[in-house]
Amino acid sequence: MINLILFGPPGSGKGTQAARLVDHYHLTHISTGDLFRYEIGNDTPLGRQAKAYMAEGRLVPDEVTIGMLRNKVESSGDTQGFIFDGFPRTLPQAEALDAFLAERGESVTGLISLEVDEEEIVQRILLRGASSGRADDNDESVIRNRISVYHAETSPVKDHYAPTGRVRHVYGMGTIDEITERLREAIDGLIG
Ligand code: AMP
């Protein structure tokens with residue numbers, strides 16, 4: 001089973017690239033942000049829990065996020081593996097993922113980190129916000145908050161996996177096709 005973590009700050013292109021990679025490698029894409037948006041759209045109890053955090057660009061509490069992720073993996077049926085997009089975003093989430101995969105006799109195949117210039121990120125997110133309608137993409141102070149949360153809470157996840165020797169850095173600037181190509185090279189190296 002392949003378990004890839006697509007990593008990077010908000011606006012680094014994880015969602016766009018994950019959608020392309022799952023087709024190529026026949027994997028299941030799990031985006032915790034998309035799952036939360038779905039729950040919010042359906043006004044479920046989980047959605048109601050997540051809503052205020054997302055609106056402010058803060059992280060939804062780990063217990064809520066980890067439980068949702070577990071349910072999604074367990075209900076995914078037949079698949080050759082997963083691309084996790086936007087998860088894990090904290091050290092406790094990474095540890096929970098490792099433990100959960102270990103229960104299934106699996107482990108993280110690799111973490112691929114998309115490297116993007118910070119100012120480019122803000123511009124990309126604002127551009128995306130104009131068409132996505134995402135409230136958290138339309139307010140520059142919320143966007144900046146998401147980026148600082150990334151630095152404070154999420155970037156340590158990369159260091160957590162570094163000792164496994166399965167962390168790859170991919171330059172995330174250029175055309176979408178160019179970046180997909182670089183990601184494929186990195187993934188082929190990890191699974192090959
Ligand atoms: P994203 O679509 O990945 O940019 O996520 C949008 C928002 O959903 C984030 O700013 C968080 O509020 C929430 N979120 C998504 N994934 C997670 C996660 N793994 N842990 C906590 N909050 C998350």
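Strands β2 and β3 run parallel and are joined by four bridges; two strands count as paired if DSSP finds at least two bridges between them. Helices (H or I, at least four residues) and strands (E, at least two) are DSSP runs, numbered from the N terminus. The model is a predicted one, in which local features need pLDDT of at least 70 and side-chain atom pairs count only at pLDDT 80 or more, while totals for chains, interfaces and linings use all residues. Residues are numbered from 1 along each chain as its sequence is written, and side-chain values use heavy atoms, with hydrogens and water left out.

Strand β3 also pairs with β1: the two run parallel and share five bridges. Within this pairing, Ile2 has Gly81 of β3 as its bridge partner. In a regular strand the side chains alternate between the two faces of the sheet. In β3, Gly81, Ile83 and Asp85 point one way, whereas Phe82 and Phe84 point the other way. Five of the five residues of β3 are buried, a term that means under 20% relative accessible area (1.4 Å probe, protein chains only).

Ser31 belongs to strand β2, residues 28-31, and stands opposite Asp85 in β3. Ser31 counts as buried because its relative accessibility is 8%. A polar atom of the Ser31 side chain lies 2.9 Å from the backbone nitrogen of Asp34. When neighbours within four places in sequence are left aside, Ser31 is in contact (heavy atoms within 4.5 Å) with Arg37 and Asp85.

In soluble globular proteins, nonpolar side chains tend to be buried together. A nonpolar core is a set of buried Ala, Val, Leu, Ile, Met, Phe, Trp, Tyr and Cys residues joined through side-chain atoms within 4.5 Å. The largest such core has 26 residues, of which Ile5, Phe84, Leu97 and Tyr161 touch the most other members. Among the elements that give two or more residues to this core are β1 (2-7), β3 (81-85), α5 (91-103) and α8 (156-161). Another core, of 17 residues, lies apart from it and includes Leu21, Val22, Leu27 and Leu190.

The ligand is surrounded by 16 residues, each with a heavy atom within 4 Å of it. The closest are Thr32, Arg37, Arg58, Gly86 and Gln93. A side-chain N or O atom of Thr32 is 2.8 Å from a nitrogen atom of the ligand, and a polar side-chain atom of Gln93 lies 2.9 Å from a ligand nitrogen. The ligand taken alone exposes 480 Å², of which the protein buries 97%.

Terms used:
Buried < 20%, exposed > 50% of the residue type's maximum accessible area, 1.4 Å probe, protein only. Polar contact = N/O pair within 3.5 Å; in protein donor to acceptor, adjacent residues only side chain to side chain. Areas by Shrake-Rupley, 256 points an atom, 1.4 Å probe, with all protein chains shown as cover.
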